[in-house]
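Work through the exercises below with the sequence and the model open. Each task is followed by a solution in steps.

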Amino acid sequence: MADNFVPPGQQRYTRACMVCSIVMTQARFRSEGCPNCPFLELRGNTDALDSCTSTVFEGLITVANPKKSWVAKWQRLDTYVPGVYATKVSGSIPEDIRNGLIEDGHVLIPRDGSGVDVD
Amino acid sequence: MKTTMKMPTRTRKEKERGHRRKRRRDKRNAFFDIEAEVDDEDEPEDDEEAEAENEGFIEQEEPGDFGDAGRLESDRRHRELDLQRDRMNHEDLQKEAESFVRKYGHRRHARGMGDTSIVPQRLLLPSVDDPSIWGVRCKEGKEREIVFSITKRIQEKMGTKDELGITAAFERGGPNSIMKGLIYVEAYRQTDILQALDGMLNVYPRTKLLLVDIKEMPDLLRVQKTPTLEPGAWVRLRRPLKYAGDLAQVQDITENGLDVRVRFIPRLDYGMRDESLSGATADGKRKRPAIGPKPPQKLFSEVEARKRNPRNLTGNPQTNVWTYNGDQFEGGFLVKDIKIQHLSVDDVNPTLEEVTRFTSGGEDGKATKVQADIVTLVVTEGELVGQTIDVPTKGLRKRFQLGDHVKVIGGSRYRDELGMVVKISEDRVTLLTDQTNTEITVFSKDLREASDIAGQGSLGQYSLLDLNGDTRQVMPSQIANKLPKRKLAVAADRTGSEIRPDDVVKEYGGMGRQGKIIHIHRSYVFCHTHQTTENAGIFVSRVNSVSTISAKGGRINAASSGPDLDSMNPAKKLNPTGRNDMPPPRQVFGRDKLVGQTVTIRKGGWKGLLGRVKDTTDTHARCQWP
C-alpha cells in the first residue's frame with residue numbers, strides 16, 4: 001500500500017487534486033500522478049499538475065475503508081483508494097481540460113463547494 | 001359481458017391480481033377495458049378454478065358478442081399497429097443503450113468516476129447501518145497533523161492482527177472555523193476509536209467522546225464556496241509581510257482562481273533596505289521578515305528610483321509602466337500576483353481615505369431590470385450612452401445629484417444623518433447636514449435618497465424630546481436606540497402623592513417651575529414646560545422637591561386613593577422626631593383638672609416648694625403656698 005503519510009515538515013508542500021480531492025505532496029503527484037484520476041496524466045507533467053491540483057484546500061479526511069465509510073460515500077470517495085482527502089478544494093480546472101474530460105464521459109464533482117445547493 | 005357489468009370497487013390486492021392475469025390472457029385483452037379487467041369482488045378463493053370458469057364463459061360468449069366480423073378485423077389491425085410501434089420503440093432503445101455504452105463504456109478504466117458521482121447527495125444520507133462519528137477533543141491547530149498521524153497508524157496496522165476498526169477520520173479546523181479543537185472519527189464501535197488514537201500526540205480520546213447525531217453528520221462535511229473575486233474588488237494583503245493589512249484592488253484572477261493580480265500602493269524607501277531584503281543573506285539562511293517600521297505608502301516615483309537605484313529600473317515613461325527591483329509598477333501602483341491564501345477577502349471594509357487613493361471610471365445609467373445579481377440598465381451618460389447593458393450588482397454604485405436630499409445608511413459613523421448633497425467626487429459625496437449644518441463626506445454606497453426631513457427637534461425616527469437627560473451633543477449614529485416610553489413609571493412627590501408621566505407638577509422652592517412630567521428616572525422627574533425655551537423647555541428635578549398640581553385624567557391623589565405611601569415608609573416610622581409624629585395638644589374644655597391639686601416645683605428658684613395650683617394656662621400654672 002502506498003505511503004499516504006506526510007510528515008509535518010512536508011505538509012506545506014501538499015496539493016489536492018481538483019477532481020478527486022486526494023491530498024498528496026507535490027513530489028508524489030509528480031512522480032506517481034493522481035491514483036484516482038490517471039486520465040489527468042499528472043505524472044511528470046508540471047503544467048497539468050499546476051492547473052489540476054490546488055494548494056488551497058481544507059478539512060482533511062483520512063479514509064481507511066472507502067467501501068464501508070459513510071464519510072467516503074458522502075464525499076463520493078467510495079470508489080477511490082484509501083488515503084487523505086480534502087472536504088473542500090479551492091480553484092477550478094481550466095475550461096479546456098474540463099470540457100475534454102466531460103466529452104470523455106467523466107463526471108466531475110465540484111470540490112470547491114459550488115453546486116452543493118443543486119443536490 | 002358479466003365482468004363489465006360488475007364494475008367492482010377495487011383494492012390494491014385485486015389490482016395486482018388483475019395485472020398478473022392480464023399477462024396471461026393477452027389475447028383477449030383487446031376486448032376488455034381496464035375496469036373489466038380487474039373485476040370480481042366476489043371471486044372465489046381459488047383463482048385458477050374461477051379463471052377456468054371465466055374463460056369458458058367468455059370463450060363461449062365471444063362469437064355471439066362480436067358477431068360482426070368487420071369489427072374484429074379492424075381490431076386486429078389496431079393491435080398489429082401497436083405491436084409494430086412497440087418493435088420500433090425497442091429498436092430505438094437498443095440503439096440508445098449502445099450509444100451509452102460507447103459513451104460511458106470505458107469509464108471502468110477511469111477508477112472512481114463510477115456511478116456514485118451521479119447519485120444526488122440527498123440519497124447518500126447516513127443510515128443506521130453506516131458507522132457512527134465521534135468528535136474527539138484535540139489541541140487546536142494540530143488537526144491536520146493528527147489526521148496524518150492517524151493515516152500513518154492506519155497504514156502501519158493494515159493487514160496485521162490489530163488492524164484499526166475505524167473507517168475514516170476528518171477535521172474541519174482552520175483559523176476561522178468553529179470546529180477547531182476537534183477531530184471526528186468514524187467507526188462502528190467506540191472502542192475502535194480508543195484503539196486508534198491511544199497514545200497519539202495532541203489528541204485526547206480519554207476525555208468525553210461526542211457522538212454525532214445521525215442527522216448532523218452531513219453538516220459536518222458541509223462546504224461553502226469561497227466567493228469568487230471579481231476584478232475591481234477590494235482585498236487586504238497578508239503577504240508580503242511589508243504590506244500586511246494594506247488595501248489592494250483585484251485586477252485579474254488566474255483561471256484556476258488561485259492567483260490574483262492585485263494593485264496596491266507600494267511601500268518603498270528606495271534605500272539600502274530594499275536591497276538587503278531582496279536577496280538572501282551571505283550565509284544563505286532564509287531572510288528574516290522585515291522588522292521595524294514599514295516605509296509609508298507612497299505611489300511609485302520613477303525619479304526617486306532613478307536617483308537611488310538606476311540599475312534596477314527599466315520601463316516606459318509613456319505608459320508609466322516600470323519594473324523596479326523585480327516588481328512591476330503601473331501608474332505608480334505596485335502590480336503583483338498574489339496567492340489567494342495570502343489575501344483576506346472577507347471584512348475588507350475599505351475606509352474612505354484608502355479608497356481615495358485608488359481611482360476608477362465607469363458608465364452612468366438607470367436600472368431597468370434586476371434579475372438576481374444582474375442589473376440591466378440603460379446608459380444615460382458616458383461612452384455607451386443610449387445602450388442597454390447587463391452589469392452584476394458588484395460593478396454598480398449609486399449616483400446622486402447636487403441638491404439631492406439624502407440619508408446616510410450603513411457602515412459610516414454618520415449613520416442616520418440627513419442632509420443635502422453639496423459636492424460629488426467619484427464615489428464620495430459631501431453633504432450638508434440638516435441638523436448641524438456641517439459638511440460631512442461619505443461613500444455614495446452609504447447613502448440613499450431621503451424621504452424624511454430632519455427638521456428642528458426631530459431627526460429621522462428620533463424626536464428631540466424622546467430622551468434628554470443631561471444635555472450633551474450626540475450624533476444620530478451614537479443614539480443606540482430610542483427608549484420606549486415607560487408608561488408605568490411612578491414616583492411619590494414631596495407630599496407622598498403618586499405622580500406619573502403626564503402629570504403636571506410644580507417645583508417646591510428653587511425656581512418654582514411648573515411642567516408636565518415626560519419621564520421619570522429613579523428619583524428624578526423630567527418635565528417639559530412652555531415657560532422657557534432653554535433645553536427645549538425640559539427641566540429635571542428631584543421627585544421629593546415637586547408637588548402635584550394636577551394628575552392626568554383627574555386621578556385623585558393622596559389619602560383617598562390607594563394606600564398612604566408615607567405610612568408604609570419604614571424610614572419614617574423609625575424617625576419619631578418627624579413633624580407628624582408629635583401628638584397634637586389635647587383640647588381641654590372646662591376647668592383644668594390641675595387646678596386645686598397639690599404640686600411640687602421641680603426646677604428654678606422656687607424648686608422644692610410645695611403648693612396648690614390656683615390657675616392654669618396652656619403652659620403655665622399659678623401656684624399658691626401658705
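Two residues count as in contact if their C-beta atoms, placed from the backbone, lie within 7 Å. The model is predicted.

**Exercise 1.** Describe the side of chain A that touches chain B.

Solution. 
Step 1. Apply the cut-off: 50 residues of chain A are then in contact with 50 residues of chain B.
Step 2. Look for elements of chain A that give two or more residues to this side; they are β4 (57-63), α3 (70-74) and β5 (83-89).

**Exercise 2.** In which sense, parallel or antiparallel, do β4(A) and β2 of chain B pair?

Solution. 
Step 1. Locate strand β2 of chain B at residues 166-171.
Step 2. Follow its pairing with β4(A): the sense is antiparallel, over three bridges.
Step 3. Check a residue pair: A:Val63 stands opposite B:Ala168 in β2(B).

**Exercise 3.** Find the strand order and the edge strands of the open three-stranded sheet in chain B.

Solution. 
Step 1. Strands of a sheet pair through backbone hydrogen bonds, either parallel or antiparallel.
Step 2. Here the order is β31-β32-β33, with antiparallel pairing.
Step 3. β31 (598-600) and β33 (621-624) each pair on one side only, so they are the edge strands.
Step 4. From one strand to the next, the twist averages 55°.
Step 5. β32(B), residues 610-616, pairs with β33(B) over four bridges; B:Asp615 has B:Arg622 in β33(B) as its bridge partner.

Technical notes
Residues numbered from 1 in each chain as written. Chains lettered and ligands numbered in written order. Predicted model: local features only at pLDDT ≥ 70, side-chain atom pairs only at ≥ 80, totals over all residues. Pairing = 2+ DSSP bridges. Axes fitted to C-alpha atoms, helices over the stretch in contact; angles between N-to-C directions.
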